[in-house]
Structure formats: C-alpha cells, structure tokens
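I opened this model to look up one annotated stretch and some helix packing. My notes follow.

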Amino acid sequence: MRILFGILAIAIYSGITFYLGWNLRAWLLSIQQFRWPIVYWTFLFFVSYGYFIGKLHPLLTPLTVLGSYWMFFLQYGLILCIIANLIIKFSPLSTKMVGTGVVGLLVILLIAGTYFAYSPVVRNATIEINKPGEDMRIVMASDFHLGLLSGTGHLEKFVKLSNEQKPDLVLLPGDLVDDSPQRFINKGMGEVMKNLQATYGVYGVPGNHEYYGNEIPEFKQAMAESDVRILMDETILVDNRFYLTGREDLTNKNRLALNELQPENQELPWFVMNHTPMDLDEPANLGVDFHVSGHTHRGQMWPNHFITERIFELDYGHRQKEQMHALVSSGFGFWGPPTRLGSQSELWVIDVKFSE
C-alpha cells in the first residue's frame with residue numbers, strides 16, 4: 001500500500017512540475033527567450049527533485065538549496081499559473097503580458113517571504129498561575145531547523161534577542177536542528193548557543209526532525225556541549241521553584257504517557273515542553289500549568305494555515321484550557337524554502353505571574 005501511495009504521490013508531483021514547466025516555457029516563448037528544450041527540461045527535473053537528490057552526497061548540496069526554493073515556486077507558481085491560464089482564456093490579455101505579471105509577482109513574494117523568514121520578531125504574553133511562586137520571565141522559541149539555510153547568523157539573532165529580555169528560563173521545544181546535527185556541530189553553532197543567558201538555564205526537547213535524522217545521541221551531546229539540557233521523557237525540579245517536563249516527540253511511538261511523568265508535589269508550578277501540540281486535553285486534565293509547543297510553523301506560507309487550523313486544536317498563539325495555559329509558536333526558523341508569508345520568524349517572551 002505504501003508503494004502504491006508513493007507512486008501516486010510521485011505521479012501527482014511530476015504532473016504539477018510539468019504543468020509549471022509548460023507554463024514557464026509558454027512565457028519564455030512569448031518573449032522569445034526559450035532555448036535548448038532538452039537542457040531546459042533536464043534542469044527543471046533536477047531542481048524539482050533537488051531537495052532529495054542533494055541529500056545523497058555533500059557535493060550535491062547546491063541541489064538541496066535549489067530544491068528548497070523550488071518548494072516556494074511550486075506552491076505559489078501553481079496558484080498563479082491557474083489564475084493566469086484563466087485570465088488568458090477569458091480575456092484579451094496576451095501570454096506575454098500575463099506571464100510577465102506572474103513572474104514579477106513571484107519575485108515580489110519571494111523578496112517579502114525572505115524578509116519575514118530572516119527578520120524575527122518578539123511576541124509577548126502574560127499568564128497568571130494560581131499557585132505560589134515568584135514572578136518570572138520565560139523566553140520560548142521552537143523550530144530553528146539549524147543547518148544549511150537557517151545557520152549561524154540566524155542563531156546569533158536569537159541569542160541577541162533572547163538575552164535582551166533577561167529571561168529566567170529559556171525553553172526550546174523541538175526541531176532545533178534540521179534532521180542531522182552535523183552542520184550545527186561543524187559550523188560551530190554550539191559556541192553561539194552557549195551565549196544564551198537565563199537564571200535557571202536553557203532546556204529543550206527533540207522534535208520530529210531530530211528523529212528523522214536518526215542521530216538522537218549525537219544531537220543530545222551537541223546540545224549538552226552548547227549548555228542546552230535536552231529532556232526526553234523526563235521531569236525535573238528546577239531550583240525548588242517549579243517542575244519542568246520534556247516529552248519525546250510523538251514520532252517516537254514508545255514515548256511515555258504524560259501521567260507517568262507527573263510530579264508528586266502538585267503545589268508547585270508544572271511546565272511541559274511537547275514539540276507537537278496534538279493533544280491538549282491530556283495535560284490540561286493532569287494539572288499542567290504551562291504547556292509549550294511548536295511544529296505547526298503556522299503553515300509557514302499562506303494559505304497553509306487553513307490546513308494547520310484544522311489539524312490542531314491550537315495551531316498558533318496562546319489559549320487557556322481550564323487552568324492550563326498553552327502556547328504554540330510558529331517557529332524561529334523555517335523548513336524547506338527560507339520564506340514565510342502569513343507568518344514571521346519569532347520568539348515569545350512570557351511573563352508568568354503567580355497568585356500567591
């Protein structure tokens with residue numbers, strides 16, 4: 001069944017690629033710039049499958065970059081080509097005129113998307129917890145996907161923004177690296193991460209992409225050397241002030257149930273990191289006070305958020321569920337194309353107020 005599904009997916013993907021290539025060819029012909037059909041279609045093939053081909057060998061990495069950008073053109077090119085075909089069919093406008101407009105709009109969207117991806121913003125929230133404690137400030141960010149396109153410079157922006165908030169605690173709920181931690185290690189990003197400052201430390205959990213890379217021990221070691229403690233189905237007591245639980249991602253079918261990680265002392269605040277916000281009923285019913293997640297990217301590129309809104313009870317932002325405060329971030333980085341439209345790279349600053 002999986003083989004049939006894979007064949008069907010490849011057929012659909014190849015069909016869309018051909019459709020986009022045919023439309024681009026029509027525009028190039030209209031401006032008399034179409035040359036060397038064999039070279040054209042061969043190049044289009046390598047670009048469209050470049051993200052996957054580029055992972056076969058380090059020398060093919062440029063194809064991964066091209067393939068990442070191709071995902072952007074695949075989505076918006078498909079939408080705009082359908083609109084353009086309808087305009088050409090039902091209006092007197094020429095292929096040259098409409099095609100030029102489409103190409104120009106794609107360039108504008110690419111520039112805007114790149115800006116929103118690499119220009120992170122700070123979001124603020126204040127929550128009240130009905131338990132004893134001293135007020136504290138938490139910085140939370142997820143989905144860095146550190147590696148090829150989300151690199152050292154982007155991480156430096158996060159460290160600077162985070163330290164400016166003077167946090168008591170930094171939480172990093174998953175997808176810190178893009179599959180493999182090797183580029184994080186080789187590019188010396190750990191030395192940048194070490195500069196994070198927080199009264200009670202920096203903590204993280206693995207996301208689905210850490211599991212895809214199948215290098216969990218290497219990832220955990222790299223983070224430990226970066227002064228980031230990765231919690232994997234663990235609950236710890238921090239400075240006798242609050243409990244912090246880090247869950248393994250649901251990609252791991254053998255992860256523990258949350259009730260197995262529940263702290264004994266229910267009087268102290270209980271914070272939970274869980275990369276994928278698939279189930280908020282369980283933590284709310286168990287008495288979690290603050291639950292943080294990422295994963296959704298808020299769709300990353302419009303209009304994908306209409307899909308994430310239907311998959312997840314909370315796909316973005318803050319919501320209170322019974323006594324629990326839940327927060328889902330769209331992420332500090334990005335996956336695939338280094339572009340964001342309808343969302344922006346971000347970190348959250350949460351001021352926690354205690355009633356007693």
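How much of the chain over residues 136-298 is helix, and how much is strand? I noted first that this is a predicted model. Over that stretch I read 27% helix and 21% strand. The end C-alpha atoms of residues 136-298 are 27 Å apart. I took the limits from UniProt, where an unreviewed entry carries the annotation "domain: Calcineurin-like phosphoesterase" for residues 136-298.

Next I looked up helix α1 (residues 2-30) against helix α2 (residues 37-48). Their axes come within 11 Å and cross at roughly 135°. Angles over 145 degrees would count as roughly antiparallel, so I logged α1 and α2 as oblique to each other. The crossing of α1 past α2 is right-handed.

Then I listed the contact residues. From α1 I have Tyr13, Thr17, Phe18, Gly21, Trp22, Leu24, Arg25 and Leu28. They meet Tyr40, Trp41, Leu44 and Ser48 in α2. I sorted the residues of this contact into 8 nonpolar, 3 polar and 1 charged.

On the α2 side I noted Leu44, Phe46, Val47 and Ser48. On the α4 side they meet Leu63, Leu66, Gly67 and Trp70. The residues of the α2 contact with α4 divide into 6 nonpolar and 2 polar, with no charged. I also marked Leu44 and Ser48 of α2 as present in the contact with α1 and in the contact with α4.

Conventions
Residues are numbered from 1 along each chain as its sequence is written. This is a predicted model: local features need pLDDT of at least 70, side-chain atom pairs count only at pLDDT 80 or more; totals for chains, interfaces and linings use all residues. Side-chain values use heavy atoms; hydrogens and water are left out. UniProt positions are given in the numbering used here, feature names are shortened, and annotations may be inferred rather than shown by experiment. Helices (H or I, at least four residues) and strands (E, at least two) are DSSP runs, numbered from the N terminus. Axes are lines fitted to C-alpha atoms, for helices over the stretch in contact, and angles run from 0 to 180 degrees between N-to-C directions. Angles under 35 degrees count as roughly parallel, over 145 as roughly antiparallel, 65 to 115 as roughly perpendicular and the rest as oblique. A crossing is left-handed if the near helix is turned anticlockwise from the far one by less than a right angle, and right-handed if clockwise. Contact means heavy atoms within 4.5 Å. Ala, Val, Leu, Ile, Met, Phe, Trp, Tyr, Cys and Pro count as nonpolar, Asp, Glu, Lys and Arg as charged, and the others, Gly among them, as polar.
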